[in-house]
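Welcome! Here is a short tour for anyone meeting this structure for the first time. Please keep the sequence and the 3D view open while you read.

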Amino acid sequence: MKEPVVIVGAGLSGLYAAAQLQLKGISCKVFEARDRIGGRVLSMAPKDRPELGRFDLGPTWFWPNHEPVIAKMVKDYGLRTIEQYTAGALLYEQSQTGQVQRHVLPEGSVERSVRLAGGIQSLIDAITTRLLPGTVELNTRVTAMQCDESDEVTIEAELPDGKKKSIQASAVILALPPRIVAGRIAFSPPMPEELIAGLENKPTWMAGQAKAIAIYDHPFWREQGLSGQVTSWAGPLQEIHDASPETGQGALFGFFGLPANERQELGEENTLKLVIDQLTRLFGPAAQKPIALLYKDWASDSDTTMEEGTRPLTSFPDYGLPAGKNSWEKRVIFAGTETTSGHGGHLEGALLSAERAASVVMELYSEDLE
């Protein structure tokens, strides 16, 4: 392999695949359309209160008893974990005017999950520091690729100033949501219709979702014997959890039941007003004035979502490789959490897909040496 391996997407899958390849001495580059690394991993601090630390607006948890790859990585990297707070009663509301119900779950009924101190971005940062300098190129949007008769791939990308960039690659790992691959990249020769359909039928995890986080000076709900967990049919948040750091501030985060089109019609300010109204309704006057608010609508993120992806999922998607295929034209390999069965949609799925994609490249590398 004279040319480098190119990885498209600097999310968890893409960065981990790059780390796996570089450990084997295989040259690679990572192209990322955004101006940041992480993809759907997004851990942010409030702009005017950075001292409050980072909170997760993308994936939040993993389950160490069932997800061995990420559990081992976190241990090997020396990252600190926070066990998800579940002590106390959970709340259930059916309407905005009805009585809020309290329920205490039997001991052991909640599966143990953990968060990372400093957010899941801590894992992204740990992987990135192990990559060779210059591996990742931000603001580089791949728009086309061509595979010639010798199986070499030519990649076309656009830069922020409108200029185009062309690079030869010995192999490509597409660590992007499948629908983004099918809808945003032109392939020559064209992909088979069956393969395109397989990619389009993989809904992008989180694409239609949004998250809001309310930060308080302390987790006052715990003093009320509450876990911070809520299930609501009244909304706008359908599911709420405790997102507090280990010490100091308290935080509540929630996933929206309010559809993407309604959120966008309301706008961020009015949407967050509804969130505060709901938190006050559930947790009392202490919830009315958070010291900071964070919000991310993934349905408005063009690097994550195609138009059809804004519709809410009604069931867990059938994730796995598209139409049973591992690659296109042998040298273009699919990765990303949506391409993994079993752990699709989870951080573990992203890591497993990266290991699989990297192993395919290593096999190609061995064949080229023979």
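β13 and β21 pair in the parallel sense, over three bridges; two strands count as paired if DSSP finds at least two bridges between them. This is a predicted model, where local features need pLDDT of at least 70, side-chain atom pairs count only at pLDDT 80 or more, and totals for chains, interfaces and linings use all residues. Residues are numbered from 1 along each chain as its sequence is written, and side-chain values use heavy atoms, with hydrogens and water left out. Helices (H or I, at least four residues) and strands (E, at least two) are DSSP runs, numbered from the N terminus.

**Around strand β13**

- In the pairing with β21, Ile 173 has Ile 333 as its bridge partner.
- β13 also pairs with β1, in the parallel sense and over four bridges.
- There, Val 6 finds its bridge partner in Val 172 of β13.
- Ala 171 and Ile 173 point one way from β13, while Val 172 and Leu 174 point the other way, and all are buried. Buried means under 20% relative accessible area, exposed over 50% and partly exposed in between, with a 1.4 Å probe and protein chains only.

**The nonpolar cores**

- A nonpolar core is a set of buried Ala, Val, Leu, Ile, Met, Phe, Trp, Tyr and Cys residues joined through side-chain atoms within 4.5 Å.
- The largest one has 43 residues, and those touching the most other members are Ile 7, Leu 12, Leu 21, Met 73, Leu 123, Ile 127 and Ile 173.
- Elements that each supply at least two residues of this core include β1 (5-8), α1 (12-23), β2 (28-31), α2 (68-77) and β13 (171-174).
- Helix α8 gives the largest share of this core, with nine residues.
- Leu 21 is in contact (heavy atoms within 4.5 Å) with Val 5, Ile 7, Ile 26, Cys 28, Ile 173, Ala 358, Val 361 and Met 362, leaving aside its neighbours within four places in sequence.
- A second, separate core has 25 residues, among them Val 142, Met 145, Phe 187 and Phe 334.

**A four-stranded sheet**

- Strands of a sheet pair through backbone hydrogen bonds, either parallel or antiparallel.
- β10 (residues 141-147) pairs with β14 in the parallel sense over three bridges, and Gln 146 has Ser 188 of β14 as its bridge partner.

**Helix α5 and its two faces**

- In α5 (residues 193-200), the buried residues are Leu 195, Gly 198 and Leu 199.
- Seen down the axis of α5, these buried residues fall within an arc of 95°, so they line one face of the helix; the arc is that of the directions from the helix axis to the C-beta atoms.
- The face of α5 turned away from the buried side carries the exposed residues Glu 193 and Glu 194.
- The cover over the buried residues of α5 includes α4 (178-184), β20 (327-328) and β21 (332-334).

**Aromatic pairs**

- The structure holds 10 aromatic pairs. Rings of Phe, Tyr and Trp (its six-membered ring) pair if their centres lie within 6.5 Å; planes under 30 degrees apart count as stacked, over 60 as edge-to-face and the rest as tilted.
- Tyr 216 and Phe 220 form an edge-to-face pair, 5.2 Å centre to centre with 90° between the planes.
- Tyr 216 is buried at 2% relative accessibility, and Phe 220 is buried with a relative accessible area of 6%.
- Phe 253 and Phe 255 form another edge-to-face pair, 5.4 Å centre to centre with 85° between the planes. Both Phe 253 and Phe 255 are buried.
- Ring pairs link Trp 61, Trp 63, Phe 253 and Phe 255 into a cluster.

- Gly 25 sits in the loop between α1 and β2, and counts as exposed at 58% relative accessibility.
- The C-alpha atoms of Gly 25 and Phe 253 are separated by 42 Å, with the two residues 228 residues apart along the chain.
- Ser 122 belongs to helix α3 and is buried, with a relative accessible area of 14%.
- Not counting residues up to four places away in sequence, Ser 122 touches Arg 54, Leu 79 and Ala 117.
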